[in-house]
Amino acid sequence: MFISLEGIDGSGKSTQARLLAEALRDAGREVVLTREPGGSPGAEEIRSLVLEGDPDRWSAETEILLFTAARRDHLERTIRPALDAGKVVICDRFADSTRMYQGLSRGDLRAQVDALHDLMIGREPDLTLLIDMDPEKGLARAKGRKGTEERFEDFGLELQRQMRNGFLALSREFSDRFRVIDGDRPPEEVAADVFTTVQQALV
Ligand code: ADP
Ligand code: TYD
């Protein structure tokens, strides 16, 4: 089973991905925990190209190509081999993030994102957990975690608001695979909800 976690920056995706991996391993499953952009050596190199440096470093179109190139490598070298071996793959962000960030943040490029996805990726997660979060709280959490990967976090609160609404709209568009989880609770409570949702989907 292929599970992705989505949501705005600071919503708690990485925390929940880790807790879910632990819980599934404790339940006897083989789990590959991975993330995007990145998740394979080549894709991790692309990660630093897209997440570091000047916010205007790439045009919107070039950025779509870079994220999709990273995803293709990740799919070929990490995700598909793990799924073929019967493992559960937990991925911190996947194509829905490109639909949102590259598809909405600099004009309406959703059609290009989807066309490239169909051509080069052609695979959706079996289950997508949207960790829904108030943008102001999410941004405060993300800013508390100082680092160099700030190209997108620097876009600020307005973008985060747009992304939250966009993710909620996406959860209605793909209601078969999306489940919305309230992320504004203590991590253990969110994790219990996540685990129950995954168990229901695994049977
Ligand atoms: P994301 O991967 O969505 O950006 P993280 O899991 O990295 O989010 O969490 C961002 C920050 O918020 C981290 O410092 C983390 O420890 C903290 N955090 C995560 N989940 C919660 C929660 N449910 N309540 C409070 N703080 C949290
Ligand atoms: P991530 O490391 O998940 O950041 P965070 O923990 O703050 O949520 O992702 C880094 C940034 O990359 C995030 O701001 C969203 C952006 N991103 C895109 O713009 N497009 C994509 O396709 C992906 C996967 C991520």
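User: Is D182 buried, partly exposed or exposed, and what is its relative accessibility?
Analyst: This model is predicted. Buried means under 20% relative accessible area, and exposed means over 50%. D182 falls in between, so the class is partly exposed, at a relative accessibility of 39%.

User: Which residue forms a salt bridge with D182?
Analyst: A salt bridge needs a side-chain nitrogen of Lys or Arg within 4 Å of a carboxyl oxygen of Asp or Glu. Here the closest N and O atoms are 4.0 Å apart. The partner of D182 is R185.

User: What is the relative accessible area of R185, and which ligand does its backbone contact?
Analyst: R185 is partly exposed, with a relative accessible area of 25%. A backbone N or O atom of R185 lies 2.7 Å from a nitrogen atom. That nitrogen belongs to ligand 1.

User: How much of the accessible area of ligand 1 does the protein cover?
Analyst: A polar side-chain atom of S14 lies 2.5 Å from an oxygen atom of ligand 1. On its own, ligand 1 has 560 Å² of accessible area. The protein covers 71%.

User: Which helix gives the largest share of the shell around ligand 1?
Analyst: The shell holds 14 residues, and among the closest are K13 and S14. The largest share is 3 residues. They come from helix α1.

User: How many residues of the shell around ligand 2 are charged?
Analyst: Ligand 2 is surrounded by 16 residues, with D9 and R47 among the closest. Of the shell, 5 are nonpolar and 3 are polar. The charged residues number 8.

User: Which helix supplies the largest share of the shell around ligand 2?
Analyst: Helices α2, α3 and α4 each supply at least two residues. A side-chain N or O atom of T98 sits 2.5 Å from an oxygen atom of ligand 2. The largest share, 4 residues, comes from α4.

User: In which helix do R72 and E76 both lie?
Analyst: The side chains of R72 and E76 meet in a salt bridge, 2.7 Å from N to O. R72 is partly exposed at 30%, and E76 is partly exposed at 34%. The two are 4 residues apart, about one turn of helix α3.

Notes
Residues are numbered from 1 along each chain as its sequence is written. Chains are lettered from A and ligands numbered from 1 in the order in which they are written. This is a predicted model: local features need pLDDT of at least 70, side-chain atom pairs count only at pLDDT 80 or more; totals for chains, interfaces and linings use all residues. Side-chain values use heavy atoms; hydrogens and water are left out. A residue is near a molecule or strand if one of its heavy atoms lies within 4 Å of it. A polar contact is a pair of N or O atoms within 3.5 Å; within protein, one must be able to donate a hydrogen and the other to accept it, and residues adjacent in sequence count only if both atoms are side-chain atoms. Accessible areas come from the Shrake-Rupley method with a 1.4 Å probe; for residues, only the protein chains shown count as cover. Ala, Val, Leu, Ile, Met, Phe, Trp, Tyr, Cys and Pro count as nonpolar, Asp, Glu, Lys and Arg as charged, and the others, Gly among them, as polar. Buried means under 20% relative accessible area, exposed over 50%, partly exposed in between (1.4 Å probe, protein chains only).
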